[in-house]
Amino acid sequence: MTAPAIHVDQATVRYGDVVALDRVTLSLAAGRVCGLVGMNGSGKSTLFKTIMGALKPDSGTVRVNGGPPVRARKSGAIGYVPQSEDVDWAFPLSVRDVVMTGRYGHLGFTRRPRRADHEAVDHALERVQLTGLADRQIGRLSGGQRKRAFVARGIAQGAGILLLDEPFAGVDKGSEATITRLLRELAGDGAAVLVSTHDLHALPSLADEAVLLMRTVLVHGSPDEVLRPDNLARAFGLDVLRREEPV
Amino acid sequence: MTLYEFLLEPLTYSFMVRALAATLVAAVVCAVLSCWLVLIGWSLMGDAVSHAVLPGVVLAYILGVPFALGAVVFGVLAVALIGVVRDTSRIKEDAAIGIVFTTLFALGLVLISVTPSQTDLNHIIFGSLLGVDRADLIQIAALGAVTLALLILKRRDFTLYAFDPTHVQAIGLSPRLLGAALLGLLAFTCVVALQVAGVILVVAMLVIPGATAYLLTDRFQRMLLIAPAFSAAAAVTGLYLSYYLDTASGGMIVLVQGAAFALVYLFAPRHGLIGHRITRRRHLQAHTREAPSITELEAYHR
């Protein structure tokens, strides 16, 4: 049996006195799309940072592709699509420049791209249908196009694992469908895709499986199972749902 | 007086030739570094490090070691202290910067006051462009060349660090290391520019060229060309003006850079104040005039 793409085992992360992740255990196999659902502050971004190695768990372990995350990072296995708020959209880089940064781990001291790198970037841009906008400054893209640019960076990188933090926030329905289709295709090619999302309606069409996070994993199962009212009530608070039920 | 004479007359003095060379080196190195500083949001950090290197330079003078060494030690010390005060107390970063760099600057002033040869060292504070001797020029040129070469060779990494440090982490590189390298090069740059502009005005040369270039282009690669060209032109203009008007050279250079920035701020095609207003108005007009498309009409009647 091959090792899962991502395996988080009993990981606990604290910021000072605040417990951001409490003994989180999560496995994701290659070729699967997993939706990560939870309130703001439920630890989704912290979980991403822990998987990437930007945060070290206070206890517990993270394994990526069966090995330590450092090795996976160095081999370019982990692609990351940041939240919109974390990106300076006025930064003077073109779409092509941003996608090229996916190749940096494969390049030498000065990161001067070679022919193969330009080809990988062209191919990635084509895959996300941004070829015609490649020379635009990144801020001059629509919300959905911006997300696809970062997905293209992961493709150019050759990342087998894609982590997407709220890719559907501020994105119209049409673009959301395009991104969903793209992620399904990438999973079909063997990528493991972990997506945090607030869009519960679209979850079944996006994900093979879903995780309900509330600092710890409440449920990990099929999207339908995660979306059961009693489960959502545990993650989002009981009051909200009670009010909607007929008295 | 012809333009030719106007340009050549100052250069009949060898001190002016050395001043011009030192100015060009400092202007170019500062300008290249400033592209990253303004994009990361480290302008205040540039201010802090440029002041904090003063005691390092004075101690290096006393001990007879290269200025660059003392500057880097105190530049790094300043950044570390700022980080410690910010992370281990309720003090916010701007206050931490304000406390640390002024204290280190004051230490430098006190050290100068107790060091026998005062005249040399006071020049560091306000710059003494016309007093640049051969040895100074060699040090400025050598350190400037090393700094510039490192900045240019690692420019892609620094740009990625400025844009997306999380991605730097995700592909197995170290954002901490890149940040530290950039701060070290900032300390080097401060030494290069000390005699030209002086500790107090170095920050202008570390911020204005990058900020100006950022208003003129949406391509980082072009910023790296525009900023040094702008900076060098402004610095040379300032130097000539100071010669003919008999004013302080460091101050004049910064004054010209500031005035040129003001022009760009107002008149830059896309990101200037006036250009921005015009494009926005055109944009609005285009949208109000636009007739609804056939599909939109069909959708409406359906």
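Visitor: What should I know before I start?
Guide: This is a predicted model, where local features need pLDDT of at least 70, side-chain atom pairs count only at pLDDT 80 or more, and totals for chains, interfaces and linings use all residues. Residues are numbered from 1 along each chain as its sequence is written, while chains are lettered from A and ligands numbered from 1 in the order in which they are written.

Visitor: Okay, chain B. How many helices and strands are there in it?
Guide: Chain B has 15 helices and zero strands. Both words refer to DSSP runs numbered from the N terminus: helices are H or I with at least four residues, strands are E with at least two.

Visitor: And what box do the C-alpha atoms of chain B fill?
Guide: Roughly 90 × 60 × 35 Å, taken along the principal axes.

Visitor: What share of chain B is buried?
Guide: Buried residues make up 44% of its 302 residues. A residue is buried if 20 or more other C-beta atoms lie within 10 Å of its own, exposed if 12 or fewer, and partly exposed in between, with C-beta atoms placed from the backbone.

Visitor: What about contacts in chain B between residues at least 6 apart in sequence?
Guide: Of those, 71% join residues at least 24 apart. Two residues are in contact if their C-beta atoms, placed from the backbone, lie within 7 Å.

Visitor: Let's pick a helix. How does the span of H4(B) agree with its 21 residues?
Guide: H4(B) covers residues 67–87, and at 1.5 Å a residue it should span 30 Å; its end C-alpha atoms are 30 Å apart, which agrees. The expected span is 1.5 Å times one less than the number of residues.

Visitor: Which residues of H4(B) are buried?
Guide: Among them are Phe67(B), Ala71(B), Phe74(B), Ala78(B) and Ile82(B). The buried residues of H4(B) pack against H3 (43–63), H5 (93–114), H7 (134–153) and H10 (175–197) of chain B. One general point on helices: an α-helix has 3.6 residues a turn, so residues three or four places apart point the same way.

Visitor: How do the axes of H3(B) and H4(B) cross?
Guide: They come within 7 Å and cross at roughly 135°. Axes here are lines fitted to C-alpha atoms, for helices over the stretch in contact, and angles run from 0 to 180 degrees between N-to-C directions. H3(B) and H4(B) are therefore oblique to each other. Angles under 35 degrees count as roughly parallel, over 145 as roughly antiparallel, 65 to 115 as roughly perpendicular and the rest as oblique.

Visitor: What classes of residue make up the contact of H3(B) with H4(B)?
Guide: There are 16 nonpolar, three polar and no charged residues. Ala, Val, Leu, Ile, Met, Phe, Trp, Tyr, Cys and Pro count as nonpolar, Asp, Glu, Lys and Arg as charged, and the others, Gly among them, as polar.

Visitor: Switching topic: how many residues of chain A are in contact with chain B?
Guide: 22 residues of chain A are in contact with 19 residues of chain B. On the chain A side, the elements giving two or more residues are helix H2 (69–74) and strand E5 (78–81). H2(A) gives the most, with three residues. By class, that side has ten nonpolar, eight polar and four charged residues.

Visitor: Where is Val128(A)?
Guide: Val128(A) sits in the loop between H4 and H5 of chain A.

Visitor: Is that residue buried or exposed?
Guide: Val128(A) is buried, because 23 other C-beta atoms lie within 10 Å. Leaving out residues up to four places away in sequence, Val128(A) touches Arg148(A), Val151(A), Ala152(A) and Leu182(A).

Visitor: And how do the axes of H5(A) and H6(A) cross?
Guide: The axes of H5(A) and H6(A), the latter being residues 173–188, come within 9 Å and cross at roughly 15°. H5(A) and H6(A) are therefore roughly parallel to each other. Their contact has three nonpolar, four polar and two charged residues.

Visitor: Last one: what is the phi of Gln129(A)?
Guide: Near 60°, a positive value in a residue other than glycine. Gln129(A) is partly exposed, with 13 other C-beta atoms within 10 Å.
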